[in-house]
Amino acid sequence: LKGWSPPEPLISPHTRVTAFGSCFARHICRWLAERQFHVLNADEANSSHLVQMGEGMVNTFSLLEQIRWALEGEHFDGEFWHGPGAKTYKYTEEVRLDTRAILLNTDVFIITLGLSEIWCDRETGGVFWRGIPTRMFDPARHEFRVARFEENKRNIRQIHDLIRKHRPQAKVIFTVSPIPLVATFRPVSAITANSVSKALLRGAVDEVYREVADQGAMFYWPSFEIVQDVFNDPWGPDRRHVKKAVLDFVMTLFEQVWCHGRQATLAMAEAYAHEIGRAHV
């Protein structure tokens with residue numbers, strides 16, 4: 001954690017937190033909510049996409065679009081926002097206002113970056129949240145590609161700048177999800193495609209961090225590195241999902257570093273010893 005811990009914890013029980021992005025953001029959201037921290041997108045009754053699909057915006061394009069749509073009122077032509085089961089998420093004004101209210105009331109944003117592989121619409125340039133539903137797929141119109149480093153960096157920087165514009169006192173913690181690709185549309189193995197996908201994100205967020213760190217609003221939390229390099233065997237049987245023991249340790253560590261005002265379940269050293277035993281390291 002050297003160089004990545006904040007000067008002092010940023011999150012108290014009264015700090016308004018919003019966590020979204022890939023599925024790893026959902027783990028952070030649930031962990032903090034269960035520990036009775038104030039997580040704005042934990043209320044499942046709220047119609048905002050940050051609540052209903054807060055773990056499904058897995059690329060930097062979708063993350064930026066949500067913020068531009070909610071805060072700037074920007075409209076996007078085409079149907080690009082889809083969740084599991086090809087469910088469509090609409091651009092309704094009610095949902096936009098709910099999303100806007102969450103963003104404008106957030107003190108600390110936790111944004112998890114998932115992958116660099118994207119599906120696009122050649123005609124409009126639009127990028128899908130995930131894959132394209134079968135009912136919509138047109139091979140003459142839709143294409144798969146890997147988002148370039150420059151694109152990811154630009155999107156991350158714009159996310160940071162828009163938050164600074166609309167919530168100048170807020171803090172933004174970026175993370176990279178450790179969850180690997182299970183498949184790829186590239187003509188290479190998913191293992192090697194995953195290395196590229198994560199490297200593009202990790203490099204982009206680091207370069208943006210180095211550009212804006214002196215503003216004091218952007219931080220990085222190394223959940224990706226903790227899972228990859230602290231544990232010898234962090235994965236479940238599918239080699240894709242993190243073992244609960246390891247995940248609990250990452251969340252315990254996050255709470256120890258970033259939060260205050262609640263008594264920790266375990267001290268950091270105790271948590272590590274506990275998780276080592278359960279994770280068979």
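This is a predicted model: local features need pLDDT of at least 70, side-chain atom pairs count only at pLDDT 80 or more; totals for chains, interfaces and linings use all residues.
The crossing of helices H3 and H5 is left-handed.

**Helix pairs**

Two packed helices are described by the angle between their axes and the distance between the axes. For H3 and H5, the axes come within 9 Å and cross at roughly 25°. Angles under 35 degrees count as roughly parallel, and H3 and H5 are therefore roughly parallel to each other.

Which residues of H3 and H5 make the contact? On the H3 side they are Thr-60, Phe-61, Leu-63, Leu-64, Ile-67, Arg-68, Leu-71 and Glu-72. On the H5 side they are Glu-151, Asn-152, Arg-154, Asn-155, Ile-156, Gln-158, Ile-159, Leu-162, Ile-163, Lys-165 and His-166. Sorted by class, the contact of H3 with H5 has 9 nonpolar, 5 polar and 5 charged residues.

Ser-62 also belongs to helix H3. Is Ser-62 buried or exposed? Its relative accessible area is 0%, so Ser-62 is buried. Leaving aside residues up to four places away in sequence, Ser-62 touches Met-57 and Trp-129.

The second pair consists of helix H1, residues 23-34, and helix H8, residues 244-258. The axes of H1 and H8 come within 10 Å and cross at roughly 60°. That angle makes H1 oblique to H8. The crossing of H1 and H8 is right-handed, whereas that of H3 and H5 is left-handed.

In H1, the residues that meet H8 are Phe-24, His-27, Ile-28, Trp-31 and Leu-32. Their partners in H8 are Leu-247, Asp-248, Val-250, Met-251, Thr-252, Phe-254 and Glu-255. The residues of this contact of H1 with H8 divide into 8 nonpolar, 2 polar and 2 charged.

**Salt bridges**

How many salt bridges does a search of the whole structure find? The search finds 21 salt bridges.

| Glu-79 | Arg-135 | 2.8 Å |

Glu-79 forms a salt bridge with Arg-135. This pair links distant parts of the chain, 56 residues apart. Glu-79 is in the loop between helix H3 (60-72) and helix H4 (93-104), while Arg-135 is in the loop between strand E4 (117-121) and strand E5 (142-146). Glu-79 has a relative accessible area of 29% and is partly exposed. Arg-135, at 55% relative accessibility, counts as exposed.

Glu-207 lies in helix H6 (residues 190-212) and Lys-153 in helix H5 (residues 149-166), so the pair ties together parts that are 54 residues apart in sequence. Glu-207 counts as partly exposed at 25% relative accessibility. Lys-153 is buried, because its relative accessible area is 18% and the cut-off for buried is under 20%.

Glu-225 counts as partly exposed, at 23% relative accessibility, while Arg-202 counts as buried at 16%. Salt bridges that share partners also join Lys-153, Arg-157, Asp-161, Glu-207 and Glu-211 into one network.

**Positive phi angles**

Most residues other than glycine have a negative phi. Gln-36 is not a glycine, yet it has a positive phi of about 65°. Where is Gln-36 found? It is in the loop between H1 and strand E2 (38-39). Gln-36 is exposed, with a relative accessible area of 54%.

Arg-239 has a positive phi of about 60°, although it is not a glycine. Arg-239 is found in the loop between H7 and H8. With a relative accessible area of 55%, Arg-239 is exposed.

Technical notes. Residues are numbered from 1 along each chain as its sequence is written. Side-chain values use heavy atoms; hydrogens and water are left out. Axes are lines fitted to C-alpha atoms, for helices over the stretch in contact, and angles run from 0 to 180 degrees between N-to-C directions. Helices (H or I, at least four residues) and strands (E, at least two) are DSSP runs, numbered from the N terminus. Angles under 35 degrees count as roughly parallel, over 145 as roughly antiparallel, 65 to 115 as roughly perpendicular and the rest as oblique. A crossing is left-handed if the near helix is turned anticlockwise from the far one by less than a right angle, and right-handed if clockwise. Contact means heavy atoms within 4.5 Å. Ala, Val, Leu, Ile, Met, Phe, Trp, Tyr, Cys and Pro count as nonpolar, Asp, Glu, Lys and Arg as charged, and the others, Gly among them, as polar. A salt bridge is a side-chain nitrogen of Lys or Arg within 4 Å of a carboxyl oxygen of Asp or Glu. Buried means under 20% relative accessible area, exposed over 50%, partly exposed in between (1.4 Å probe, protein chains only).
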